[in-house]
Amino acid sequence: MRETTFGLPQWAQWLYAMDGVAPLLLALQDECDEDVLLLLLAIWLWQQRRALPASRWQALQAEQGAWREAVILPAREARRSLAGDPQSQALYQVAKQTEIEAELNQLARLGAWLGCSELTAADLSACLAGACEGALSGRRAELLEQLARRLEQELSSLL
């Protein structure tokens, strides 16, 4: 899976479906308040042997944060509020698809944003660390280490 074959949104869906990846990403999201889209972007860059400098990550986090707050989090909240209601399952599916579409739309924007960014080489741990807003300690560090090990195991043959 290379950039030339698939765009970032399609690649992210492929990676997310990989065994063991989604639970780690969701744990980072739910337990550590990390942005899965930025983590997916970091992994995508790493797989291409590229990375963003810290200053670019900060700018990207600010831009992505605005979209996340305005669009993705409200869609997620609506989906989660419908999840346990058996009478609202059709509406739950609509909310889930809306959330997914918002995330895929933003991944396409993030991929386009990279066209005007300076990129450097880095290892996976550095790429993931750059995408994180929180301190790399405790549960966040543990989950990132597990994710890095899982991805290096699964993706090393593709590099």
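**Notebook: cavity, pocket and a helix pair**

The largest cavity has a volume of about 50 Å³. I note at the outset that I am working from a predicted model.

**Entry 1, the cavity.** I searched the whole structure for cavities of 30 Å³ or more and found 1. Next I listed its lining. The residues around the largest cavity are Q29, E34, D35, V36, L37, Q64, R68, I72, R76 and E103. I then asked which helix gives the most to this lining. Helix 4 does, with 4 residues. Helix 3 and helix 4 each supply at least two residues of the cavity lining. I sorted the lining by class and counted 5 charged, 3 nonpolar and 2 polar residues.

I turned to the largest pocket and read off a volume of about 470 Å³. Its lining comes to 20 residues. Which of them lie nearest the centre of the pocket? I wrote down Y16, L26, E99, I100 and E103. E103 is also on my list for the lining of the largest cavity.

I checked where the pocket lining comes from. At least two residues each are supplied by helix 1 (8-16), helix 2 (21-32), helix 3 (36-47), helix 4 (54-82) and helix 5 (89-113). The largest share, 7 residues, comes from helix 5. By class I have 11 nonpolar, 7 charged and 2 polar residues in the lining of this pocket.

I recorded the crossing of helix 3 past helix 5 as right-handed.

Which residues make the contact between the two? From helix 3 I have L37, L38 and L41. They meet E103, Q106, L107 and L110 of helix 5. Sorted by class, this contact has 5 nonpolar residues, 1 polar and 1 charged.

Notes. Residues are numbered from 1 along each chain as its sequence is written. This is a predicted model: local features need pLDDT of at least 70, side-chain atom pairs count only at pLDDT 80 or more; totals for chains, interfaces and linings use all residues. Side-chain values use heavy atoms; hydrogens and water are left out. On a 1 Å grid over the protein atoms alone, a cavity is a set of points where a 1.4 Å probe fits but cannot get out, and a pocket is an open set with protein on both sides within 12 Å along at least five of seven lines; lining residues have an atom within 4 Å of a point. Grid points are joined across faces, edges and corners, and a volume is the space filled by probe spheres set on the points. Ala, Val, Leu, Ile, Met, Phe, Trp, Tyr, Cys and Pro count as nonpolar, Asp, Glu, Lys and Arg as charged, and the others, Gly among them, as polar. A crossing is left-handed if the near helix is turned anticlockwise from the far one by less than a right angle, and right-handed if clockwise. Contact means heavy atoms within 4.5 Å.
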